Amino acid sequence: MNPPPSPISRRDFLSKTMATAGAGLVLGAPSILRAASVDGASTEQVKVALIGVGKQGRVLFEAMKNIPGLHFQAVCDIWKYNRENAVRSVEAHQNSKPTAYSDIDELLANEKGLDAVVIATPDFWHSPHTVKCLEAGLNVYCEKMMSNTIDGARAMVRAMEKSGKLCQIGHQRRSNPRYRYTLDKLINGNKICGQITNINAQWNRAVNSSQDIAFNKKLTIEDAILNKYGFADMNQFMNWRTFRALSGGPISDLGAHQIDIFGWFLGVPPKSVFASGGHSYFKKREHFDNVMAIFDFDTPAGEVRASYQVLTTTSYGGGFWESFMGTEGSIKISEIAANSAIYREGSAPSWDDYVDRGILKRTPAPPKPPPSADAVASYASAAPETFDLPGGFNKPAHQPHLENFFNSVRGKTTLNCNARHAFESEAPIYWVNPSALKCQPIEFTAEHLSL
Amino acid sequence: MSNEETCCTGNKLALTYGALLLRLWLAVRAIQTGLEKYAGAKASDEAVKIDGAVNEYGLTAAGSVKHYATVNYHGVPDALMKKFEAEPLMLKGALPLYDKFLGPALIVLGVTILLGVASRTSLFFLGLLYISLTWGLILIKQDDGVSWLGVHMILVVMALALAEHNRFALLKKW
């Protein structure tokens, strides 16, 4: 693996800002300047442009509002409605209006002194936008999935490594304290699962949450503009996630977050995938609405089989979570803390010491079900003891990942999920739909997974 | 004192109590609904200790507390806002304005009704506010909400009908 691209060092920052002061220049100067943070401590101001300020862009902005030292200099979106909303939100937050653009090329040509961009455009624009911004010398935070094609993702890694700039991909669980703690302290540090043999994960989304997004006809974008940016019409613009040419569908839109965890936690890529998918309910959609995939991994500790399902018709089953099952314990983890739990196998050594040290928290055992005539008691395993992580975290879900990005821009740390890390975990996901379409397993080769 | 006089005095007292109770109910309902629009959950900041030391991952004690702050303000809940935005009959510029003023309007009207400041006009405006909410809920087919607001409207009209029995008012005019 190549080393991560160099962030802006403190030395660079000091030399650049001193040169700027000497020359008396403002425009075009390196723009990381001292700014007072909320707690009064000094921090370095980072000038940011927001590329794509729709629903996901707003989620990211809400998280970024909590990060001291950011100045939102420009916003860009082809939809006037999104642009105007973003300008209002930014102005309300920082008491100065960002410059609004409908085209990223115009923004890059006109905005001087930017340090970073945050890209939340539709998937098929991620790669072109990221590559443009990296080539323009900007650090990039781009939403996942990296691209709608594996070649688009490859281009992002190459652009990051060629430019020497930072490129963080929005797999926000990689910076989530609960996930990082689970991997470092529980799975690797104390090996509470024993040998992990199986992973099981799902995103079950209710049918009413999976409907096409409606829009106010008065706000329709002109066809010429939509066509220019790759959309056939307003419906496609609003519902790009359901079109094959524009996205990877539910398996990448929802599944990528979780399948990313498989490889990250196991430390190796899968060796094969076998998927099944279909149009169980949304018959007219291009993408499958119901996909199941099985990945096989060879880890140093042994074989692991991982199954994943994404379902857009039913919320039953606890929404979304990932479960790592081992010989001594299982960890069910989710971005929603309430969906998480840790179970000790009856045959595993006691975990009392972990509880005493604060590594785990014991949760009350569920009530024992009454004896039932329809079950053969001797077939059932004893119910495992239940535990939980010792704490949660008190920030919006995306904030730690964005903090990691901006701290990297300031040279204080390194990225938790740069484009190469993300490519390594996303590459297998690009082969789920092809496997499902052909109803055939795919044994991964270097051609499938390498740059 | 004749039976008739006793009957009317008793009735007047009951009507005054009725007016006061309705006034209190409508005021509490409006004020607290307005205040709830400033409510949010604040997660605990207390760092979790492992082996006696603060953990390096940023894990904080689970749990959250409810708190009120202007930064939490959301006049129209986000989930409903998206639905309203998609409605063709909804005026584009009116929704953000409505979102901005709904909470303060409920609080102001609740307080004027509670204190008896221009009670009849305040009740009238509260009724108009409930009609506007009803219209929005009809648009997005929230029939349960429409029924609830219908009950509120009945109470507002009853309060207006009992206005002549309203006592302890700061400004009786209007």
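I started at the end of helix 6 of chain A, which is followed by A:G164, a residue whose phi is positive, near 75°. I note that this is a predicted model, in which local features need pLDDT of at least 70, side-chain atom pairs count only at pLDDT 80 or more, and totals for chains, interfaces and linings use all residues. Residues are numbered from 1 along each chain as its sequence is written, while chains are lettered from A and ligands numbered from 1 in the order in which they are written.

I took helices as DSSP runs of H or I with at least four residues and strands as runs of E with at least two, both numbered from the N terminus. I then checked the length of helix 6 of chain A: at 1.5 Å a residue its 14 residues should span 20 Å, and its end C-alpha atoms are 20 Å apart, which agrees; the expected span is 1.5 Å times one less than the number of residues.

Next I looked up burial, where buried means 20 or more other C-beta atoms within 10 Å of the residue's own, exposed means 12 or fewer, partly exposed lies in between, and C-beta atoms are placed from the backbone. The buried residues of helix 6 of chain A include A:I150, A:M156 and A:M160, and their cover includes helix 5, strand 7 (167-169) and helix 14 (419-426) of chain A.

I turned to the packing of helix 5 (residues 123-135) of chain A against helix 6 (residues 150-163) of chain A, and found an angle of about 10° with the axes 9 Å apart. That makes helix 5 of chain A roughly parallel to helix 6 of chain A, since angles under 35 degrees count as roughly parallel, over 145 as roughly antiparallel, 65 to 115 as roughly perpendicular and the rest as oblique. The axes are lines fitted to C-alpha atoms over the stretch in contact, and angles run from 0 to 180 degrees between N-to-C directions.

I listed the contacts (C-beta atoms, placed from the backbone, within 7 Å): among them, A:S127, A:T130 and A:V131 are on the helix 5 side and A:G152, A:A153 and A:A155 on the helix 6 side.

Also in helix 5 of chain A is A:W125, which counts as buried because it has 23 C-beta neighbours inside 10 Å.

Last, I looked at the contact between the chains, which takes 19 residues from chain A and 18 residues from chain B. Helix 7 (residues 177-189) of chain A gives the most to the side of chain A that touches chain B, with four residues.

Key:
Contact = placed C-beta atoms within 7 Å.
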